[in-house]
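Biologist: I would like to learn how to read pockets and helix packing in a model. Can we work through one together?
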Amino acid sequence: MEIIRRYEQVLAIINKYGKAKEQLLSILLDIQATSGQNYVAEEWAEIVARELDLPITKVHDVLTFYAMFNIEPKGKYVIEICKSTPCHVTKADAVVAMFEEVLGIKLGETTPDKLFTLMHTNCVGACDIGPVAKIGDQVYGNLTAAKVAEIVTSYREVSSCQK
């Protein structure tokens with residue numbers, strides 16, 4: 001039943017945008033956001049290609065070109081640590097180590113509870129407060145071990161309230 005519900009959900013997203021090819025990015029972002037695992041599964045990419053009358057390679061090109069898309073399951077919250085030169089100079093590696101310590105995972109991994117994935121990202125445009133981490137649309141800067149622990153705790157609390 002879950003597959004049918006998800007199929008209907010994907011079709012509803014596609015129809016919301018009028019099956020417009022120029023809305024491919026928006027469609028894929030919505031599918032990813034509603035996936036529950038922060039990614040676009042192959043079967044949903046195929047439905048998008050079929051419904052928009054696009055080659056599957058076009059959909060794959062978009063999914064693999066843009067850093068905002070995931071084609072493998074990720075945590076509910078993807079923590080992206082900026083790896084640009086200004087953040088590197090201001091100790092981004094130390095920030096990665098702080099998150100690894102608090103989360104109990106390494107860069108590129110997802111916590112066992114599927115809540116967090118820790119990744120690198122390119123510049124997020126917040127060099128003045130580097131090193132920075134980004135979770136969703138929220139950017140966190142001037143990070144310390146205490147701030148990192150506070151950030152992770154706040155997301156865990158939000159998730160436990162949503163259950």
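Biologist: How many residues of the lining of the largest pocket are nonpolar, how many polar and how many charged?

Modeller: Keep in mind that this model is predicted. The lining of the largest pocket has six nonpolar, eight polar and four charged residues.

Biologist: What is the volume of the largest pocket?

Modeller: Start with the general idea. Rolling a probe the size of a water molecule over the atoms shows where empty space is left. Here, the largest pocket has a volume of about 480 Å³. Its lining counts 18 residues, and those closest to the centre are Gln32, Asn38, Met68, Val78 and Gly136.

Biologist: Which element gives the largest share of that lining?

Modeller: Helix H2, with three residues. At least two residues each come from H2 (24-34), strand E1 (77-82) and strand E2 (116-121).

Biologist: Which residues line the second largest pocket?

Modeller: Glu2, Ile3, Arg6, Ser35, Gln37, Tyr39, Ala41, Glu43 and Trp44. Helix H1 (2-16) and H3 each give two or more of them. H1 has the largest share, three residues. The space in this pocket is about 160 Å³.

Biologist: H3 turns up again in the packing. At what angle do the axes of H3 and H4 cross?

Modeller: Roughly 125 degrees, with the axes of H3 (residues 42-52) and H4 (residues 56-65) coming within 8 Å. That angle makes H3 oblique to H4. The crossing is right-handed.

Biologist: Which residues make the contact?

Modeller: From H3, Glu42, Ala45, Glu46, Val48 and Ala49; from H4, Ile56, Val59, His60 and Leu63. By class, six are nonpolar, one is polar and two are charged.

Terms used: Residues are numbered from 1 along each chain as its sequence is written. This is a predicted model: local features need pLDDT of at least 70, side-chain atom pairs count only at pLDDT 80 or more; totals for chains, interfaces and linings use all residues. Side-chain values use heavy atoms; hydrogens and water are left out. Axes are lines fitted to C-alpha atoms, for helices over the stretch in contact, and angles run from 0 to 180 degrees between N-to-C directions. Helices (H or I, at least four residues) and strands (E, at least two) are DSSP runs, numbered from the N terminus. Angles under 35 degrees count as roughly parallel, over 145 as roughly antiparallel, 65 to 115 as roughly perpendicular and the rest as oblique. A crossing is left-handed if the near helix is turned anticlockwise from the far one by less than a right angle, and right-handed if clockwise. Contact means heavy atoms within 4.5 Å. Ala, Val, Leu, Ile, Met, Phe, Trp, Tyr, Cys and Pro count as nonpolar, Asp, Glu, Lys and Arg as charged, and the others, Gly among them, as polar. On a 1 Å grid over the protein atoms alone, a cavity is a set of points where a 1.4 Å probe fits but cannot get out, and a pocket is an open set with protein on both sides within 12 Å along at least five of seven lines; lining residues have an atom within 4 Å of a point. Grid points are joined across faces, edges and corners, and a volume is the space filled by probe spheres set on the points.
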